[in-house]
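Hi,

Here is the structure I promised to pass on. Have a look at it first, and then read my notes below.

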Amino acid sequence: MQELDKLIRRHQNMSRLSAAFLYGICVTLALNLFWEPGGIYASGITGAAQLVSTIVGRWFNVVVNTPFGKVSTANILSTGTMLFVLNVPLFVLAWRRIGHRFTIFTFLAVAFSTIMLRLLSFPPLTKDPIICGIFGAVINGFGTGFALRNNISTGGLDILGIVIRKKTGKSIGQINIFFNAFIILLAGFIYSWPHALISALSIFINGKMIDSMYTRQQRMQVMIVTAHPKEVTAAIQNGLRRGITIVHDVEGAFRHEEMTILFTVISRAEMYDLEVAMKNSDPYAFVSITDSVKILGRFYEPKIG
């Protein structure tokens, strides 16, 4: 049993490491290939790092003589460097409030991003701000959502989003959109208002892409009409670890058979597990699944960390 646990843990760690590396690639492609050539600001701490780098480059750029030659402050305080610096206090928050393993892999994701942003450069495919905004958001949102699915964060607002989501139940994408209004306003003053509006569109697409990938936070209400309630209840509770409300003595209008209705709530990521449970316990049951707008009361979520 201990050997099995070690193998599972090792597989999880490799998945998280791969997700951290993939995110580094995605954010580098999004920034260096699309967002920065198009004058588009990203969401969260990445966007804040871009703003700091832009401000330094425009108004506080000073050339400094070093033993290695002349270096400008704009080069020192680049987007990649600021991305790491601004995340340091959030690493502390994640270590204390979320989990140690989660923080370690989040640190690796940010470190990979910082290194790749500094080392990898690409000739821009286009400088059209709309195209750059859309494609940058899709690529970055995919990388961020994939990282979250593997129980790591990309730093910044993801950490704040996870902490706040535990308190409020809001989705990560919604929280990101809310916090990024400030970045859009600053982008409008510093760059231009057309670019700020396109940045807003890019941030919105980025948030929706995150939500489409990170399905664990999306909750679904399930109604099951079955003639085998004990088998179905056992299959769901053993496979999904979900509570079930049972309504006895209901009647089907077509055949007038005695049935039972089961109610439960699952995450969208558990849809496949539910299908397997139903196939094994009662493949002929009637199952209705709808989006759940809000949940009051306890809803079990796997521990992050």
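A cut-off to start with: a residue is called buried when its relative accessible area is under 20%. Keep in mind that this is a predicted model.

With that cut-off, take glycine 39. Its relative accessible area is 6%, so glycine 39 is buried. You'll find glycine 39 in the loop between helix 1 (2–38) and helix 2. Leaving aside neighbours within four places in sequence, glycine 39 is in contact with Tyr191, His195 and Ser199. There is also cysteine 132, which is 93 residues away from glycine 39 along the chain, yet the C-alpha atoms of the two are separated by 8.4 Å.

Threonine 114 gets the same label: at 13% relative accessibility, threonine 114 counts as buried. Threonine 114 belongs to helix 5 (residues 100–119). Not counting residues up to four places away in sequence, threonine 114 touches Gly80, Thr81 and Phe84.

On to helix packing. How do helix 2 (residues 44–59) and helix 9 (residues 181–190) pack? The angle between helix 2 and helix 9 is about 20 degrees, and their axes are 10 Å apart. That angle makes helix 2 roughly parallel to helix 9, since anything under 35 degrees counts as such. The crossing of helix 2 past helix 9 is left-handed. On the helix 2 side, the contact is made by Gly44, Gly47, Ala48, Leu51, Thr54, Ile55, Arg58 and Trp59. Helix 9 brings Ile183, Leu186, Ala187 and Ile190 to the contact.

Strand 5 (residues 258–267) is the one I'd look at in your viewer. Is strand 5 largely enclosed or largely open to the outside? Seven of its ten residues are buried, so strand 5 is largely enclosed by the rest of the structure.

Here is how strand 5 is joined to its partners:

- Strand 3 (residues 219–226) runs antiparallel to strand 5, and eight bridges join the two. Among the facing pairs, valine 225 has isoleucine 261 of strand 5 as its bridge partner, and methionine 220 stands opposite isoleucine 266 of strand 5.
- Strand 4 (residues 245–251) is also antiparallel to strand 5, with five bridges joining them. Here isoleucine 246 stands opposite leucine 262 of strand 5.

Strand 4 and strand 5 form a hairpin with six residues between the strands.

Cheers

Note on methods: Residues numbered from 1 in each chain as written. Predicted model: local features only at pLDDT ≥ 70, side-chain atom pairs only at ≥ 80, totals over all residues. Heavy atoms only, no water. Axes fitted to C-alpha atoms, helices over the stretch in contact; angles between N-to-C directions. Helix = DSSP H or I, 4+ residues; strand = E, 2+ residues; numbered from the N terminus. Parallel < 35°, antiparallel > 145°, perpendicular 65-115°, else oblique. Left-handed = near helix turned anticlockwise from the far one by under 90°. Contact = heavy atoms within 4.5 Å. Buried < 20%, exposed > 50% of the residue type's maximum accessible area, 1.4 Å probe, protein only. Pairing = 2+ DSSP bridges.
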